[in-house]
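Please look over the following briefing with the sequence and the structure side by side. It takes up a pocket, a sheet and some points of backbone geometry in turn.

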Amino acid sequence: MPADSFDAIIIGAGQAGTPLSYALAAAGRRVAFIESDSLGGSCINYGCAPTKALLASAQRAHDVRTAGELGIKTAKPEVDFAAVIERMHTLRQNSRDSLHRKITEDRDGITLIRGRAQFTAPHSLRVALVGGGEQQLTAPLIFINTGTSAAVPDIEGLADSGYLTSDSLLLGLKEQPAHLLILGGSYIGVEFSQMFRRLGTRVTVIDSKPRLMAREDPDVSHPLEECLTEAGVELVLSAETRRVSRAADGTITLTVTTTDGERRLRGSHLLVAVGRVPNTKDLGLEHTGIALDKKGYIEVNEHLQTGTRGVYALGDVKGGPQFTHISYDDYRVVRDALLHGSKRTTENRPLPYVVFTEPQLGRIGLSKNQAKEKGIAYRVSRLPARTIGRAVQTGETEGFVEVLVGEDDRLLGAAVFCEQGGEIMTMFQLAMAGKLRYQELEDMILAHPTWAEVLNNAFQRLKPGE
């Protein structure tokens with residue numbers, strides 16, 4: 001079967017591959033765009049978009065439930081879980097449909113191929129088509145944007161338990177869990193725990209580490225633990241899960257070993273949220289010069305080039321921070337190199353991220369632990385949210401704002417755990433990008449009363465780091 005020739009082939013319609021297809025087509029390149037599943041990648045299908053839709057419903061229920069604190073008398077909210085899920089599905093499908101129109105109707109030069117791609121040679125692919133049959137493709141430029149899947153640990157009985165991952169939960173859950181067991185206390189587990197608790201589900205989080213989100217500084221993760229505990233989320237930490245079983249009535253039991261001995265935790269549903277693994281297993285990479293690291297991620301250089309000339313890897317499949325905005329910046333690095341002669345690379349780019357709990361945790365730059373590990377001298381200021389005027393007025397006084405300042409008075413990093421934490425963090429990121437000294441932020445005239453005034457006040461407790 002003769003191969004169809006293109007200028008470029010993109011494998012995976014995620015947040016790097018999709019805009020890259022637009023840019024290459026607009027530049028006159030003939031692009032084959034391959035996707036075996038739904039368009040949009042993890043962000044649209046089981047990441048940012050659906051989780052934030054559910055979080056919005058959970059937040060609204062919480063606002064009604066706590067309205068009395070602001071003098072508003074309301075009845076106890078009744079959560080229509082089916083309607084919550086239906087709204088999420090509708091928003092997601094709208095995004096998928098919009099992407100399909102842009103690719104197939106609004107863009108010349110893009111050929112959308114629904115199927116699963118495998119390399120047969122460094123620049124040749126065989127695609128097993130969704131509707132049956134196969135297609136051979138070749139191109140001098142190939143971009144791998146296949147993303148990741150939920151990791152599933154090797155635990156006795158887990159495979160037969162009917163467990164959920166964040167992917168399958170968001171794609172197929174129809175009934176509200178009575179008691180959701182969450183295995184994993186990192187970002188996904190934390191967000192889902194508060195979200196489902198606010199929707200009326202009993203929640204237990206189990207993690208092998210002694211604290212949630214162990215990559216964060218302890219004085220960042222502990223306040224979040226307190227926030228979840230106060231909301232009614234049960235935390236079982238320093239716990240090794242030994243076995244999982246499912247009874248005839250559907251009850252799931254986790255047998256865990258803790259510092260206090262063995263425990264049996266029972267729930268109606270089990271969410272496994274222990275990380276992600278790269279989608280590289282069935283790509284046929286053995287027919288190329290592409291190398292994988294020990295975890296199976298594709299190895300690339302700072303230009304996102306693999307070991308095979310003309311083949312790139314973008315997004316989560318290449319390893320490193322797994323965030324939509326990083327994937328999108330991967331696209332910009334490649335776009336600018338190929339189409340604009342830019343020398344931009346992935347080195348030293350900022351890594352902002354937000355944990356969408358309530359309050360939000362926004363993070364940018366160095367943490368205290370990271371500064372210590374790098375031997376970077378710093379000063380730190382920690383401002384309790386209860387001292388922020390806007391927080392007092394709105395009743396959102398939980399949390400803190402913490403900033404690290406270097407010897408040159410410029411910001412090294414920030415952790416913002418309070419209402420609007422992600423937005424406030426972004427302002428610190430802009431200050432870092434502009435290389436502003438903290439005194440310039442203190443003296444800036446900002447509208448009152450706003451959350452932005454944190455920039456004026458965040459440094460008032462500045463002291464040497466430990």
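Which helices each supply at least two residues of the lining of the second largest pocket? They are α3 (48–65), α6 (187–198) and α7 (218–230), where helices (H or I, at least four residues) and strands (E, at least two) are DSSP runs numbered from the N terminus. This is a predicted model, in which local features need pLDDT of at least 70 and side-chain atom pairs count only at pLDDT 80 or more, while totals for chains, interfaces and linings use all residues. Residues are numbered from 1 along each chain as its sequence is written, and side-chain values use heavy atoms, with hydrogens and water left out.

**The second largest pocket**

- The second largest pocket holds about 530 Å³ of space, a pocket being an open set of points on a 1 Å grid over the protein atoms alone where a 1.4 Å probe fits, with protein on both sides within 12 Å along at least five of seven lines.
- Its lining has 23 residues, of which His62, Thr66, Glu69, Arg198 and Glu396 are the closest to the centre; a lining residue has an atom within 4 Å of a point.
- α3 gives the largest share of this lining, with 4 residues.
- By residue class, the lining of this pocket comprises 10 charged, 7 polar and 6 nonpolar residues.

**The parallel sheet**

- An open sheet is formed by 5 strands in the order β9-β16-β10-β11-β12, with parallel pairing; two strands pair if DSSP finds at least two bridges between them.
- At the edges stand β9 (164–165) and β12 (234–236), each of which pairs on one side only.
- β11 (residues 202–206) pairs with β12 in the parallel sense over 3 bridges, and Ile206 stands opposite Val236 in β12.
- Helix α6 packs on the sheet, where it touches β10 (179–183), β11 and β16 (269–272), contact meaning heavy atoms within 4.5 Å.
- The direction of α6 makes about 165° with that of β11, on a scale where angles run from 0 to 180 degrees between N-to-C directions.

**Backbone geometry in loops**

- A cis peptide bond with omega of about 5° joins Glu358 and Pro359, and Pro359 has its place in the loop between β19 (353–355) and β20 (360–365).
- The peptide bond from His448 to Pro449 is also cis, with omega near -5°, and Pro449 is found in the loop between α12 (438–442) and α13 (454–457).
- Asn348, in the loop between α8 (324–339) and β19, has a positive phi near 60° although this residue is not glycine.
- Asn348 counts as exposed at 80% relative accessibility, exposed meaning over 50% relative accessible area (1.4 Å probe, protein chains only).

Terms used:
Points joined across faces, edges and corners; volume = space filled by probe spheres on them. Nonpolar A, V, L, I, M, F, W, Y, C, P; charged D, E, K, R; others polar. Buried < 20%, exposed > 50% of the residue type's maximum accessible area, 1.4 Å probe, protein only.
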